[in-house]
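Subject: Structure handover, salt bridges

Hi,

Here is the structure for you to open. Please look it over, then read my notes below.

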Amino acid sequence: MKKFMLLAMQKAEGGIKNGQTPFGACIAKGSKVIACAHNGVWKNTDITAHAEIRAIRAACKKLKTIDLSGCVLYSTCEPCPMCFSACHWAGIPKVVYGCRISDAKGFGFNELEITADKMKKTGKSRIKLVGDCMRKENLELFKAWAKRRDSQAY
């Protein structure tokens with residue numbers, strides 16, 4: 001689990017260095033990495049270009065299917081409602097995340113404070129959630145991002 005979270009964090013670090021926000025995601029199937037991505041909202045002028053969405057798009061393309069039921073998504077932050085829904089629709093059975101959505105909000109992001117657990121319960125989703133994975137280390141990404149002069153939340 002730690003190996004894949006570290007890959008998501010490395011993607012987020014790369015994004016931060018390129019003026020993006022501190023979000024990264026990695027999708028794995030068994031012991032294989034399928035796709036990794038960082039947030040590209042500002043770069044692509046695309047509000048839907050969250051790290052999780054970009055990783056899901058890349059994984060679907062690579063596997064030539066929209067069914068990611070054998071995969072696990074690792075994310076530096078708890079998925080927002082859009083990303084959680086995409087995981088649900090892609091059939092991803094497990095999501096592992098570092099920071100909480102409330103952490104992102106605390107750094108100025110325009111988050112809907114609806115936890116992944118609440119979305120899971122309300123929507124009766126079967127996604128298994130594992131939160132706070134390397135949370136402290138993932139919070140360091142947000143702190144590093146916040147120190148940059150060009151940091152912009154959305």
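The notes below cover the salt bridges.

This is a predicted model, where local features need pLDDT of at least 70, side-chain atom pairs count only at pLDDT 80 or more, and totals for chains, interfaces and linings use all residues. Residues are numbered from 1 along each chain as its sequence is written, and side-chain values use heavy atoms, with hydrogens and water left out.

A salt bridge here is a side-chain nitrogen of Lys or Arg within 4 Å of a carboxyl oxygen of Asp or Glu. That rule gives 5 salt bridges.

Start with aspartate 132. Its salt bridge to arginine 100 has the closest N and O atoms 2.7 Å apart. This pair links distant parts of the chain, 32 residues apart. Aspartate 132 sits in the loop between β5 (128-130) and α7 (135-147), and arginine 100 in the loop between β4 (94-99) and α5 (101-106). (Helices are DSSP runs of H or I, at least four residues; strands are runs of E, at least two; both are numbered from the N terminus.)

Aspartate 132 also meets arginine 135, at 3.7 Å from N to O. Arg100, Asp103, Asp132 and Arg135 are linked in a network of salt bridges.

Within helix α7, lysine 143 and glutamate 140 lie 3 residues apart, about one turn. Their side chains form a salt bridge at 3.3 Å, N to O.

How accessible are these residues? Aspartate 132 is partly exposed at 35%, and so is arginine 100 at 34%. (Buried is under 20% relative accessible area, exposed over 50%, partly exposed in between, with a 1.4 Å probe and protein chains only.) Arginine 135 is partly exposed at 25%. Lysine 143 is partly exposed at 40%, and glutamate 140 at 41%.

Best wishes
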